[in-house]
Amino acid sequence: DLSNKSNKMQAGKYELSKSMTIQEIIDELMTGQVVVTTVSVTIREGENIKEIASRLLNEYNMNFTEEQFIEETKKIDKYDDDYPFLKDIPEERKEKSEFPMEGYLFPDTYYFYADATPERIIRTMLGQFDSKFTQEMRDLAEQKGMTMDDVVTLASIIQNEAKTEEFTKVAAVFHNRLNINMKLESCATINYVIKDKEINQITLTIEDTKIDSPYNTYKYPGLPLGPISSPGLDALNAALNPYPEFMEPNEPMLFFVLKDPETGLHAFNSTYEGHVKDKQKYQVNWK
């Protein structure tokens, strides 16, 4: 009875021949040598392409180099017929960014063969993004006058700025700023540009905020050139559904400041004066 034996089979690739009987095939799957095993790979929310490439190689020992994986993610035109949402990616990003596909490699746990190619992995992750970003979400983006790329870009910033329970509140602040053409001033976008510093610093220097980059939201208004990481579903939904109470036209929330790195929670403000007071109050916790 095959059903009793199925739990003894090891996942992977086997070498079978056409001349084998059903019984011989079952025996081979039960006792035979797996030619290629499967690997369970977890990509975390908020990781960028460089980090994903590093994890695939260093943690999961995949059969390619980081450079080969990153190179493959640059070939947008190779994938955009099968994954039409990639056509939303602006030409400027394809020309200027090292990582034009940033944001679309969906963070999740996957099962890959140990000899999987970068293309196979990328296709699987793009397929997962496609299934997670529902038609309802696409319609909502259109209602808000956002392209899918806008949503993914904003979600990636939210993902790297806040804890899940505050995603919609941080989303509201960014929407409010975008609505009045006020710079987003997101530290996460600067950390994306600073390659050689400790990742995700809490406090930036004045020099950091002056870096000339299309990802620098301290220097340029609007959204950056593109996403800064792979956002998860919660962040994508937050970008589309900002916290309504923070978007009151009379008192829109425009500022937030970290209360405590331990909890990762923020204080929100509608005025700069209130924001400065909060900053002075909580700065002692950042050391």
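Glutamate 45 sits in the loop that runs between strand S2 (36-42) and H3. Helices (H or I, at least four residues) and strands (E, at least two) are DSSP runs that are numbered from the N terminus. The model is predicted: local features need pLDDT of at least 70, side-chain atom pairs count only at pLDDT 80 or more, and totals for chains, interfaces and linings use all residues. Residues are numbered from 1 along each chain as its sequence is written, and side-chain values use heavy atoms, with hydrogens and water left out.

Is glutamate 45 buried, partly exposed or exposed? Its relative accessible area is 42%, so glutamate 45 is partly exposed. Buried means under 20% relative accessible area, exposed over 50%, and partly exposed in between (1.4 Å probe, protein chains only). Not counting residues up to four places away in sequence, glutamate 45 touches Pro107, Gln159, Ser230, Gly232 and Leu233; contact here means heavy atoms within 4.5 Å. Glutamate 45 and alanine 235 are 190 residues apart along the chain, and their C-alpha atoms are separated by 9.1 Å.

**The helix pair**

Two packed helices are described by the angle between their axes and the distance between the axes. Helix H9 (residues 148-161) and helix H13 (residues 233-240) pack at an angle of about 115 degrees, and their axes are 8 Å apart. Axes are lines fitted to C-alpha atoms, for helices over the stretch in contact, and angles run from 0 to 180 degrees between N-to-C directions. The crossing of H9 and H13 is right-handed.

In H13, Ala235, Leu236, Ala238, Ala239 and Leu240 are buried. The buried residues of H13 pack against helix H7 (118-132), helix H8 (135-143), H9 and H10.

**Other single residues**

The table lists the exposure of three further residues.

| Residue | Relative accessibility | Class |
|---|---|---|
| Threonine 209 | 17% | buried |
| Asparagine 61 | 60% | exposed |
| Glutamate 185 | 37% | partly exposed |

Threonine 209 lies in helix H12 (residues 206-209). Leaving aside its neighbours within four places in sequence, threonine 209 is in contact with Ile190, Leu204, Asn216, Tyr218 and Lys219.

Asparagine 61 belongs to the loop between helix H3 (49-58) and helix H4 (66-73). Although asparagine 61 is not a glycine, its phi is positive, about 50 degrees. Glutamate 185 is in the loop between helix H10 (167-179) and helix H11 (187-193). Its phi is near 50 degrees, a positive value in a residue other than glycine.

**The whole chain**

The secondary structure of the chain comes to 14 helices and five strands. Along the principal axes, the C-alpha atoms fill a box of roughly 80 × 40 × 35 Å. Of the 287 residues in the chain, 44% are buried. Among contacts between residues at least 6 apart in sequence, 61% join residues at least 24 apart.

The chain exposes about 15,200 Å², and carbon and sulfur atoms supply 47% of it. Accessible areas come from the Shrake-Rupley method with a 1.4 Å probe. The chain has 32 positive and 49 negative charges, and their mean positions are 3 Å apart. Lys and Arg count as positive and Asp and Glu as negative, while His and the chain ends are not counted.

Technical notes. The place of a charge is taken as NZ of Lys, CZ of Arg, CG of Asp or CD of Glu. A crossing is left-handed if the near helix is turned anticlockwise from the far one by less than a right angle, and right-handed if clockwise.
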